[in-house]
Amino acid sequence: LILEITLLLIIVLMSIYLARHYIFTFTVLFLPQRRTSPKPKTNDHYFSVSVLIPALDEERVIGRILQRMTELTYSKEKLQVIVIDDASKDRTFEIAQSFAEKFNFIQVVRRDFINGRAGKAEALNEGLKHATGEIVYCFDADYYPQLDILEKLTAYFADPKVGAVQGRVTVLNEPYSLITRLVTMERTGGYRVNQQARDELGLIPQFGGTVGGFRRDLLESLGGWDSSILAEDTDLTFRAYLAGYKVRYVNEAECYEEAVEGWRSYWHQRSRWAKGHMQCAFKNMLPFLKCKRILLREKVDGFLVLSIYFVPLLILLSLILNVTLFFVGSFGQSTFLNIAMLLSVYSVTGGLAPFFEVGIGAYLDQRVRALWLMPMLVLLIPLNIAICVKAFLDLCVSKINGNNNHKWMKTCHNGNGNCYITNQRDKIFE
Amino acid sequence: LHSDVIVERLKKKPDFLHPIFGAIITGYLLLLFLLYRVNTAIVVSVATFDFLFVSLIFPLKGSIFHKVILLLTGNLAGFIWNLLQFQLADVIAYFLGGAFSIVFSIASLILNYIWIVSFWSLALSILTRKNLRKEEPTNS
């Protein structure tokens, strides 16, 4: 009976996740946009902004983003670009320095080998010390933003309740391999539908750590990025809400990224996300649920967001329970199992989002061919289960050992995305 | 980069008469399945497909005729797919014994996923392409 009740509870939780994603999809697809997008203001009213670009061994891509920074339409008088060279062993510093010599709004901060290479959060905190802008943006070195992205994002800070904004991430090197294509679909579902719906419904859009910005005073009052958490961006999102601020998602502010190109890189990146997210859940869940100034709907969404990386664990648990119940000879095997399993599977594909969310994202982007690849998302189900189980076990082991220093696994960028930016190629490499 | 104008045009006003029509057809089909005592697992799998199809694809832009054809094709394919699956499972279980049914129940989950996602996404891509073709002359 205990096994059956446990299985039933898991199914209920799966159903809640499924219903949540269904509501998101329906909202984005059919409900008219309720929350208005502010229009970018004139030059005189711009906030001053600092863009932090942490870079560790990024010689293949750093030139591309710095070239793009020089082309941004945002007033250069109000723009400060800080490259934080995190003790790179390649030519990252030299390339960044060459830009700093040509453009006075670009600055390079070099970390030494004693303090450097300790993770993105540490590098960003170093950059924050040098930032002078009212708004602090973060861009990863492999990113390639729209020319007017800062205007689009900054406009939202006119509302004093907005503490952070997040732009949309799309994949630059999509045709490179199967994994880049699958990541593109994940991104489409995650940003175009999930984040957008959460913003429209007044829930908890997440600050993704890149293509996003924070008020500097808020960031400083929160103590910057928490370097003990691997998902320092999610952690910051929840701390901002606890401090009484909101995060807004800006779908029209788009930025290209170089997605991971191989299964190994995917594994490492997602393991870091899973572990970091779980750390965040342990750290923020209780304070978030107890906080009185947070609305009930935000609490419910926050709970589901923080628990999302535990869902694959539950799926594995439901499989084990089903096998056990089979051997025990328990009730209504086929129908019950079928419903349970269908729900489980639909809750996790494509970056922990169900396939219909990904599909509708592709539809809204008019990506006909991307839709043909959707059955391949099935490959990500066992992978996500394995990743989350390993991340959970790693966390448990480190808790038992008392070792809370989790190693930051950097994602390698090969610069293969350069070939998709034809009009920029010559400028970057001249 | 995608223009919000295109998205707004795609969103437009959802046609809620289409899903009502789709729901009637689905109800009729499922009733037929139940009357003929089709395996419950097949009904569950087809009903899941129908729900996602009718509620998310039927309100989109496109002709009702195409949507109904795609829905019926999906149902037929799902029915045959599941039937073959169960026949095959019976044959294998005959040789391997009862323990195979637990392997099958997990495998059928993936097999169900494949047909549902394939037909759902195929239908969506056909509708998207038809919409894009209609837009082309006006754009030019």
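What follows sets some labels against their definitions.

Analyst: This is a predicted model: local features need pLDDT of at least 70, side-chain atom pairs count only at pLDDT 80 or more, and totals for chains, interfaces and linings use all residues. Residues are numbered from 1 along each chain as its sequence is written, chains are lettered from A and ligands numbered from 1 in the order in which they are written, and side-chain values use heavy atoms, with hydrogens and water left out.

User: Why is Ser121(B) called buried?

Analyst: Buried means under 20% relative accessible area, exposed means over 50%, and partly exposed lies in between (1.4 Å probe, protein chains only). Ser121(B) has 2% relative accessibility, so it counts as buried. Ser121(B) sits in helix α5 (residues 100-139) of chain B. Helices (H or I, at least four residues) and strands (E, at least two) are DSSP runs, numbered from the N terminus.

User: What does Ser121(B) touch?

Analyst: Contact means heavy atoms within 4.5 Å. Leaving out residues up to four places away in sequence, Ser121(B) touches Leu371(A), Met374(A) and Pro375(A).

User: Why is Asp57(A) called partly exposed?

Analyst: The relative accessible area of Asp57(A) is 27%, so it is partly exposed. Asp57(A) lies in the loop between β1 and α2 of chain A. Its phi is near 50°, a positive value in a residue other than glycine.

User: And what makes Gln366(A) partly exposed?

Analyst: Gln366(A) has a relative accessible area of 21%, so the label is again partly exposed. Gln366(A) is in the loop between α13 (355-364) and α14 (368-372) of chain A. Phi of Gln366(A) is near 60°, also positive in a residue other than glycine.

User: How do you know that strand β2 of chain A is mostly covered?

Analyst: Seven of the seven residues in β2(A) (residues 79-85) are buried. Both faces are covered. One side carries Leu79(A), Val81(A), Val83(A) and Asp85(A). The other carries Gln80(A), Ile82(A) and Ile84(A).

User: What makes β1(A) and β2(A) a pair?

Analyst: Two strands pair if DSSP finds at least two bridges between them. Seven bridges join β1(A) (residues 49-55) to β2(A), and the two run parallel. Right-handed means that, with the strands pointing away from the viewer, the path from the first strand over the helix to the second runs clockwise.

User: How do you know that β3(A) pairs with β2(A)?

Analyst: Five bridges join β2(A) to β3(A) (residues 106-110), again parallel. Ile84(A) has Val109(A) as its bridge partner. The chain crosses from β2(A) through helix α3 (residues 92-102) of chain A to β3(A), and this β-α-β crossover is right-handed.

User: What makes a set of residues a nonpolar core?

Analyst: A nonpolar core is a set of buried Ala, Val, Leu, Ile, Met, Phe, Trp, Tyr and Cys residues joined through side-chain atoms within 4.5 Å. The largest has 119 residues. Phe214(A), Trp225(A), Phe355(A), Phe53(B) and Trp120(B) touch the most other members. Helix α1 (residues 2-30) of chain A gives the largest share, eleven residues. A second, separate core of 42 residues includes Ile65(A), Tyr74(A), Val83(A) and Phe93(A).

User: Which secondary-structure pattern does chain B follow?

Analyst: Chain B reads α-α-α-α-α along the sequence. It has five helices and zero strands. Buried residues make up 44% of its 140 residues.
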